[in-house]
Amino acid sequence: MKCLCSGEELRADRMIPLSEILATNDYSASGSSSRAAELEQKQDTGNIEEAESSLRESGCLNYEEARALLGRYEYQKGNIEAALHVFEGIDIAVVTPKMKLTLVKKGERRRRRSQSDAAPPMSIHAVSLLLEAIFLKAKSLQCLGRFKEAAQSCNVVLDIVESSLPGGLRVNFGPDCKLQETVNKAIELLPELWKLADSPHEAILSYRRALLHAWNLDVETNAKIQKEFAIFLLYSGGEASPPELRSQMDSSFVPRNNIEEAILLLIILLRKISLEKIEWDPSILDHLSYALSLSGGLRALANQVEELLPGTMNRKERYHTLALCYYGDGDSLTALNMLKKLLSNAENPKYLPALLMASKICGENPNFAEEGISFARRALQSLQGGCEEMGSVANCLLGISLSAHSKSVVADSERVSRQAEAVHALETAGRMIKVRDPKVVYHLSLENAEQRKLDAALYYAKYFIKLEGGSSVKGWLLLTRILSAQKRFKDAEAVINAAIDQTGKWDQGELLRTKAKLQIARGRLKQAVETYTHLLAVLQVQRKSFGSGNKFLKGSGYPDRSLELDAWHDLAYVYISLSRWHEAEICLSKSRAISPYSAARCHAMGLLYEKQGLHKEALKAFANGLDIEPTHIPCLISIAVVLRHLGTQSDAVVRSFLTEALQLDRMNPSAWYNLGLVYKAQGAASSQEAAECFEAAALLEESTPVEPFR
């Protein structure tokens with residue numbers, strides 16, 4: 001004992017008798033009381049039993065085994081530094097070949113079921129004892145903050161076992177042997193040590209090693225490692241190289257990046273839950289939801305949720321999660337149906353998150369706006385003056401739904417009433433949280449702008465940009481449109497230039513298009529053409545950049561082809577106004593290549609024919625546009641203009657097209673103006689109606705932005 005503590009050398013082959021080992025446990029260090037010695041002796045009963053088990057085979061312990069026993073004893077007492085001092089005296093290089101040979105012979109003997117082979121150089125209990133000593137050395141180093149050394153020490157345990165048993169740790173070493181337990185602990189500890197040592201690459205390799213090698217892990221331990229690995233892949237912030245599998249089928253899936261590998265692991269865990277191999281863990285679904293939402297795979301997430309056995313997930317959470325998946329995947333109708341089922345009287349009619357989400361979906365579709373109002377009011381009733389933040393959200397959604405519904409009502413009085421209620425609900429939402437929510441402020445600005453309360457709209461738009469710190473493109477666009485509605489085109493262009501300077505190159509598309517429209521409004525058509533050309537060049541470079549890269553995340557900045565389509569149409573209108581027919585036709589051919597079925601392209605083509613005096617061809621083009629999109633307002637107005645010019649249809653037919661356009665957009669000055677022309681052509685009998693239409697057109701023209709507020 002004195003030699004071990006002082007670090008003096010003993011011959012490795014010197015054997016220590018059992019009596020000396022047992023005497024060690026009776027030795028009282030540092031003047032300890034007899035009672036403390038008794039307690040320590042009781043705590044170390046397992047050490048003595050293992051020593052006795054080993055000695056039954058060999059009759060004595062060598063120097064390294066004695067150090068392993070003493071080191072474990074010191075570690076269990078909490079003397080970390082003393083334990084580490086003892087463990088460091090074990091010559092790993094000397095004992096490693098003997099340990100490997102013992103494990104190899106143990107594995108071969110189990111396979112052949114033969115006892116005729118030569119005896120291994122060490123007992124399996126001695127191997128277990130030394131491996132545990134190496135593991136405890138790693139734990140000691142961890143406690144002292146020496147994480148890299150700890151990881152290297154822990155790695156030695158796995159290297160010895162893996163190189164000795166390349167086919168896997170399938171050998172049963174007996175109930176008294178701790179070897180399997182030590183290996184399990186080392187497998188779990190190694191990745192954590194590499195993470196603490198700030199070595200993410202080594203951590204990932206150790207996780208993969210734990211999962212790909214046959215360590216004979218139980219199902220729970222394997223699942224725990226899979227979950228921890230998936231979490232590390234998702235949130236570590238680094239990018240791992242794809243795994244190199246030694247053996248795989250040609251058709252097998254190999255993850256290409258962190259997110260794919262994490263998704264694969266989490267889906268395997270969900271499959272284990274479905275097979276009832278492990279207990280239900282809701283955090284697995286949370287992490288999978290995050291991963292699949294990043295990668296645009298919400299439909300796949302819905303499939304995973306649907307495959308879960310009944311009773312695994314709470315029924316309410318199941319419906320809500322499925323609704324979120326379908327909504328995120330763009331299937332709003334299916335999401336709404338799921339929420340309606342959840343909110344039925346037979347299920348949970350007062351479930352607040354579902355009520356708010358249903359109102360949000362309905363508010364985005366004018367056809368369901370009235371239902372959105374109902375859902376929002378039910379949400380407010382279920383709150384009953386509770387959480388003000390949630391009350392603000394409910395009032396905001398109520399205002400959005402009321403605004404959407406006001407656009408579909410026929411009676412002017414009801415429309416004005418709905419608009420007033422919408423503003424009141426949004427103002428209530430703002431007061432509840434002291435106007436700190438950018439979403440509420442944005443919709444207040446938008447609603448006031450659409451009601452042509454431009455001063456209030458301008459105030460809220462500026463406040464929204466302040467809340468967002470100038471980082472929101474939609475805020476800059478709304479402010480610019482409000483200024484253009486006030487006919488402050490110079491100020492609007494200054495704002496849009498400032499926004500372009502503060503915005504990344506890939507996010508400048510809408511800003512550049514608005515800038516071009518401002519230039520058109522100021523009569524600077526040549527500059528507008530240059531701006532559109534710049535916009536189209538940016539979109540082309542952006543498309544090539546994203547097309548050539550192996551970008552995994554969907555929706556992460558990939559250019560929207562609809563913006564490119566709109567740019568070609570706008571440029572065609574500019575060339576038509578300049579009577580440059582050939583350039584306009586080139587723009588429309590570019591548009592056709594992107595989308596052969598576009599109502600906007602049909603309208604631009606019809607306008608080109610109309611300017612060339614080809615009215616019948618123009619009428620056919622406008623009609624084709626309505627076939628593609630029956631509610632396309634420019635086509636409705638243009639058909640009425642051409643029919644009135646040709647005189648082949650009655651005034652009632654012409655008026656019906658204009659009336660339909662006004663039902664879709666009552667703030668359209670062109671529709672009011674052309675309707676006034678129809679009434680004027682009918683003579684004095686309709687002069688009053690004509691005057692009212694012209695007056696409405698003039699008032700609206702004074703406050704019409706260069707592009708719609710919404």
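How far apart are the end C-alpha atoms of residues 599–632, and what percentage of that stretch is helix or strand? In this predicted model, the chain over residues 599–632 is 79% helix and 0% strand, with its end C-alpha atoms 7 Å apart. The points below cover this stretch, a helix pair, helix H20 and the cysteines.

**Annotated stretch**
- An unreviewed UniProt entry lists residues 599–632 under "repeat: TPR".

**Helix pair H28 and H29**
- Helix H28 spans residues 561–577 and helix H29 spans residues 581–594; the two pack with their axes 8 Å apart, at an angle of about 165°.
- Because angles over 145 degrees count as roughly antiparallel, H28 is roughly antiparallel to H29.
- The crossing of H28 past H29 is left-handed.

**Helix H20**
- Helix H20 comprises 19 residues, 388–406.
- From the first C-alpha of H20 to its last, the helix reaches 27 Å, close to the 27 Å expected at 1.5 Å a residue.
- H20 is mostly covered, as 15 of its 19 residues are buried.

- The structure contains zero disulfides.
- Cys 143 has a relative accessibility of 51% and therefore counts as exposed, since the exposed class begins over 50%.
- Cys 387 has a relative accessible area of 39%, so this residue is partly exposed: the value lies between the 20% limit for buried residues and the 50% limit for exposed ones.

Definitions and conventions: Residues are numbered from 1 along each chain as its sequence is written. This is a predicted model: local features need pLDDT of at least 70, side-chain atom pairs count only at pLDDT 80 or more; totals for chains, interfaces and linings use all residues. Side-chain values use heavy atoms; hydrogens and water are left out. A disulfide is a pair of cysteine sulfur atoms within 2.5 Å. Buried means under 20% relative accessible area, exposed over 50%, partly exposed in between (1.4 Å probe, protein chains only). Helices (H or I, at least four residues) and strands (E, at least two) are DSSP runs, numbered from the N terminus. The expected span of a helix is 1.5 Å times one less than its number of residues. UniProt positions are given in the numbering used here, feature names are shortened, and annotations may be inferred rather than shown by experiment. Axes are lines fitted to C-alpha atoms, for helices over the stretch in contact, and angles run from 0 to 180 degrees between N-to-C directions. Angles under 35 degrees count as roughly parallel, over 145 as roughly antiparallel, 65 to 115 as roughly perpendicular and the rest as oblique. A crossing is left-handed if the near helix is turned anticlockwise from the far one by less than a right angle, and right-handed if clockwise.
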